[in-house]
Amino acid sequence: AHPDMLTEDGPLALVKRCHLVLDNTYCDPSCRFPSREEALEEVLGVVERHRETHAIILGIDSLGKEEILVALATRCRARLRVSQLRYI
């Protein structure tokens with residue numbers, strides 16, 4: 001859980017850490033998400049359509065998105081700049 005959720009007045013303040021909290025927000029069958037491949041192609045397409053006229057800045061707050069960054073750098077032949085904090 002994000003640290004803000006565990007503060008004294010946060011949403012998980014009453015939940016002891018030994019409990020499992022399940023979020024079924026997107027369990028409804030009407031919520032369909034694209035595959036990772038489809039999502040990656042969509043991101044790449046948006047960047048390719050706008051990279052000549054816009055600065056592309058991606059904010060990534062957690063690990064696990066490296067595949068997207070590498071694919072973007074490869075397809076666009078661009079360098080990635082990653083904060084030094086990623087290496088700590």
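Trainee: How many helices and how many strands are in the protein chain?

Mentor: This is a predicted model, in which local features need pLDDT of at least 70, side-chain atom pairs count only at pLDDT 80 or more, and totals for chains, interfaces and linings use all residues. Residues are numbered from 1 along each chain as its sequence is written, and side-chain values use heavy atoms, with hydrogens and water left out. Helices (H or I, at least four residues) and strands (E, at least two) are DSSP runs, numbered from the N terminus. On that basis the protein chain has two helices and zero strands.

Trainee: What share of the 88 residues counts as buried?

Mentor: Buried means under 20% relative accessible area, exposed over 50%, and partly exposed in between, with a 1.4 Å probe and protein chains only. For the 88 residues of the protein chain, the buried share is 11%.

Trainee: Which residues of α1 are buried, and where do they lie around the helix?

Mentor: Leu 40, Leu 44, Gly 45 and Val 47 are the buried residues of α1. Seen down the axis, they fall within an arc of 165° (taken from the directions from the helix axis to the C-beta atoms), so they line one face of the helix. Their cover includes α2.

Trainee: What span should α1 have, and what is the distance between its end C-alpha atoms?

Mentor: The expected span is 1.5 Å times one less than the number of residues. With 15 residues, α1 should therefore span 21 Å, and its end C-alpha atoms agree, at 21 Å.

Trainee: Which residues of α2 are buried, and what do they pack against?

Mentor: Ala 71, Leu 72, Ala 73 and Cys 76 are buried in α2. Contact means heavy atoms within 4.5 Å. The buried residues of α2 pack against α1.

Trainee: Which residues make up the largest nonpolar core?

Mentor: A nonpolar core is a set of buried Ala, Val, Leu, Ile, Met, Phe, Trp, Tyr and Cys residues joined through side-chain atoms within 4.5 Å. Here the largest has six residues: Leu 40, Leu 44, Val 47, Ala 71, Leu 72 and Cys 76.

Trainee: Is Cys 76 buried or exposed, and which residues does it contact?

Mentor: Cys 76 has a relative accessible area of 8%, so it is buried. Leaving aside neighbours within four places in sequence, Cys 76 is in contact with Val 47, Glu 48 and Arg 51.

Trainee: How many disulfides does the structure hold?

Mentor: A disulfide is a pair of cysteine sulfur atoms within 2.5 Å. Cys 31 is partly exposed, at 29% relative accessibility. The number of disulfides in the structure is zero.

Trainee: Which residues does Ile 68 touch?

Mentor: Ile 68 lies in helix α2. At 27% relative accessibility, Ile 68 counts as partly exposed. Its C-alpha atom is 9.8 Å from that of Glu 37, 31 residues apart along the chain. Not counting residues up to four places away in sequence, Ile 68 touches Leu 40 and Val 43.

Trainee: What phi does Arg 77 take?

Mentor: Arg 77 is in the segment after α2. Arg 77 counts as exposed, at 79% relative accessibility. Most residues other than glycine have a negative phi. Just after α2, Arg 77 takes a positive phi of about 50°.
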